[in-house]
Amino acid sequence: MSNTETRPTETVCGADADGPPPPGIEVLTPREVPLGGPRAMRVRRTLPQRARTLIGAWCFADHYGPDDITESGGMRVPPHPHTGLQTVSWLFSGEIEHRDSLGSHAYVRPGELNLMTGGQGISHSEVSTRSTRILHGAQLWVALPEEHRDTARDFRHHVPTPVALDGGEARVFLGTLAGDTSPVRTFTPLLGAEITLDPDSRVTLDVDPGFEHGALVDTGDVLLAGTPLEPAELGYAPPGRTALTLANRANVPARLLLLGGPPFEEEIVMWWNFIGRSHDDIVRAREDWTTGTRFGEVHGYEGAPLPAPELPNTPLKPRGRVR
């Protein structure tokens, strides 16, 4: 998925109905941005923000829909490049056709993981299919660590088996949770799971205390460790917790994505669809995309590739995690 807007926003702290939230819980509020161009469907972006760039190695989170594509036109993102990252596609409804310069031709469907490794450079297109009426899902990015950021391009598909919880259900697409482990390789330890909460339920999950976690709410009246989260908000919990409690206060099911990983200590420069370590890294990536080198070609997409925007007049500065 293409990043068409880079302006960060602020972190807002949430409050419980009975008083202030537990120490360390933050609520990141989303901002709306266009996907693939000013006339395209709009998405809600919670990462990155001015006050928080990363949660583990998770560096980008877009949440979109439910979107009636007969009205919006749906998703049509032309071929565009990525470098220094992995893309994680996850749908709640609808279907997206994926093509990339590795030669992959696949479909993103609800409950199925598509993970693409950009590494040194890859390009891909994303188009909602004709059979789709309602498009609803999330697009996430993972920053690759320095030793692996130029790794070979790759594409993986995985269908996690639902895991029953006492009060809900989990689909673990990356990492380990609730006794289930995804077989999909990542380059830093990560957690990625869809959690469904039953009506009026409370679920406590054992988690790695070395991880920081983010709960991105899709639907429902959710509490993360006692802190209320509205749909499309992302609750952040710092390292140190051995368990996370999620509660659904509504009389209908709730759904969220739980993300996590150990703090990513490296500073990164993230601009448009590139992740580097310096301004010069980004300049080179942009030049390579403009001149048609490094990223390869996407075959089967009808239309021109997405042009790179102009670089800002001031040098891009590295940013790291908030301590």
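Tutor: Histidine 98 has glutamate 126, in β11, as its bridge partner. The model is a predicted one, and the pairing described here is computed from it. The two strands involved are β8, residues 96-100, and β11, residues 122-128; they run antiparallel and are joined over five bridges.

This pair belongs to an open sheet of four strands, ordered β6-β11-β8-β9, with antiparallel pairing. β6 (76-82) and β9 (105-108) are at the edges with a single partner strand each, so one side of each has no neighbour in the sheet. From one strand to the next, the twist averages 20 degrees. As a general point, the strands of a sheet pair through backbone hydrogen bonds, in either a parallel or an antiparallel sense.

A second open sheet has seven strands, in the order β3-β4-β5-β12-β7-β10-β13, and its pairing is antiparallel. Its edge strands, β3 (31-34) and β13 (154-158), each pair on one side only. Serine 93 is placed opposite histidine 136 of β12.

Both sheets are part of a protein chain whose secondary structure amounts to two helices and 27 strands. The radius of gyration of the chain is 19 Å, close to the 20 Å that the globule rule gives for 323 residues, so the chain is as compact as a globular protein of that length. Its C-alpha trace spans about 55 × 45 × 35 Å along the principal axes.

Of the 323 residues, 57% count as buried. The chain exposes about 13300 Å², and carbon and sulfur atoms supply 48% of that area. Taking contacts between residues at least 6 apart in sequence, 73% join residues at least 24 apart.

One annotated region remains. An unreviewed UniProt entry places the feature "domain: Pirin C-terminal" at residues 193-294.

How values were computed: Residues numbered from 1 in each chain as written. Predicted model: local features only at pLDDT ≥ 70, side-chain atom pairs only at ≥ 80, totals over all residues. Heavy atoms only, no water. Pairing = 2+ DSSP bridges. Axes fitted to C-alpha atoms, helices over the stretch in contact; angles between N-to-C directions. Rg over C-alpha atoms; globule rule 2.2 N^0.38 Å. Buried < 20%, exposed > 50% of the residue type's maximum accessible area, 1.4 Å probe, protein only. Contact = heavy atoms within 4.5 Å. Areas by Shrake-Rupley, 256 points an atom, 1.4 Å probe, with all protein chains shown as cover. UniProt positions renumbered as here; feature names shortened; annotations may be inferred.
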